[in-house]
Amino acid sequence: MGHPSRGMLRPHSLRDWRRGQSLQPHRLEVPPPDSQVRFRLRNLLTVAKSHKRALILTHDNPDPDAVASACGLAFLLDQAARVHAQAAYGGIIGRAENKALLKVLHLPIVPMGKLDARQFDLVCLVDTQPEVGNYSLATRSAPQLVIDHHPARPTSLLSAFHDVGGPAGATSTLVTQYLRAAKLVPGSSLATALFYGIKSDTRDLGREVEGVDVDCYNWLFPYMDKQALSRIEHPQVPARYFAAYHRAYERARLHGKGQAVIVDMGDVYVPEIVPEVAEKLVSLEGLRWSLATGAYRGELYLSLRLNDRRINAGRLVRELCAPLGGSAGGHGAMAGARIPLTDRPASAVHDAVAGAFLRAFHVRPGPGVLLVSDM
């Protein structure tokens with residue numbers, strides 16, 4: 001089969017982007033990677049080389065780690081396996097930093113709605129897994145490749161190649177390891193994306209970080225564009241961004257003598273604002289955990305953040321949201337889910353979710369007290 005039509009790609013096409021990558025030499029002698037990484041790379045390429053066109057799909061509403069991982073894997077398959085690869089995502093990219101990531105770096109990733117999945121004979125998932133179900137693909141048959149740093153799900157083991165649940169704080173780390181093992185050096189755009197993917201998912205190497213994250217972070221640093229990274233991390237934001245935060249702070253309530261904060265954000269303009277608010281609230285002095293929810297296009301999005309290492313956020317969110325029909329994912333200190341509202345009011349689903357988390361943390365149920373009150 002030929003390449004997808006030009007209309008399916010951004011003005012900066014995949015071919016143009018790869019031409020930009022070639023401004024730097026693709027192959028360079030680097031310190032030898034771990035033998036297990038080389039072994040996994042050989043298995044990955046063996047699977048890929050028997051195909052012609054690969055679709056690399058992130059979870060819906062992807063974060064920087066998912067976007068960077070998808071673009072990095074596409075580059076790897078194109079260069080090392082000679083397989084035409086296209087990165088794609090479902091949902092939207094709404095958070096200002098995430099939009100800036102694509103705009104500044106011209107990354108070759110497109111909405112799934114612009115592609116025909118039937119044109120691809122190799123399906124790869126990054127930063128998510130089949131059992132989670134939070135990706136936009138009509139068929140739910142097992143993908144051939146799954147790469148994700150989150151805890152392994154049983155269905156991932158049905159794939160021809162899977163690298164899941166390994167010791168890494170970001171999927172970008174896993175993909176960077178493969179690039180190094182293949183002696184492929186990314187150009188500045190891809191290096192910046194992968195660097196930011198690791199940086200953002202580990203909160204500046206301060207959370208859920210492993211030695212391989214630090215190693216890959218340092219390896220990418222000389223190749224990334226520092227000015228571009230600054231533009232991504234400090235983007236301009238719309239007025240409704242501040243309105244969403246204002247509303248969240250007004251609605252946030254403390255529970256359990258200040259050990260938890262829960263906020264119902266109501267309708268949100270982008271789903272990414274929910275984890276952003278949860279992340280901000282968990283920095284409150286003395287807090288053990290934060291939970292934020294927001295309704296968007298018929299679904300309730302929720303995000304949990306923990307300061308308690310004794311509890312696994314991903315496992316807890318899956319257990320509490322499954323009875324409500326939600327799909328969930330996450331790991332140690334952070335996790336999220338989305339729950340279909342169907343005919344249920346968002347406020348009622350929020351109340352059910354909030355009650356479940358309060359009981360799970362052995363906090364007395366009740367309305368709590370306002371985080372911000374009139375003095």
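The count comes to 2 cavities of 30 Å³ or more, where a cavity is a set of points on a 1 Å grid over the protein atoms alone at which a 1.4 Å probe fits but cannot get out. This is a predicted model, in which local features need pLDDT of at least 70 and side-chain atom pairs count only at pLDDT 80 or more, while totals for chains, interfaces and linings use all residues. Residues are numbered from 1 along each chain as its sequence is written, and side-chain values use heavy atoms, with hydrogens and water left out.

The largest cavity holds about 50 Å³ of space, and its lining (residues with an atom within 4 Å of a point) includes R95, Y241, I273 and E276. Two or more lining residues come from each of α4 (96-105) and α10, helices being DSSP runs of H or I with at least four residues, numbered from the N terminus.

Helix α10 (residues 273-281) is largely enclosed by the rest of the structure, because 7 of its 9 residues are buried, that is, under 20% relative accessible area with a 1.4 Å probe and protein chains only.

Y241, which also lines the largest cavity, is buried at 16% relative accessible area, whereas F242 is exposed at 54%, exposed meaning over 50%. Ring pairs, with centres within 6.5 Å, link Y241, F242, Y245 and Y249 into a cluster. Y245 and Y249 stand 4 residues apart in helix α9, which means that about one helical turn separates them.

How values were computed
1 Å grid on protein atoms, 1.4 Å probe; cavity = no way out; pocket = protein on both sides within 12 Å on 5 of 7 lines; lining within 4 Å. Points joined across faces, edges and corners; volume = space filled by probe spheres on them. Phe/Tyr/Trp six-rings, centres within 6.5 Å; stacked < 30°, edge-to-face > 60°.
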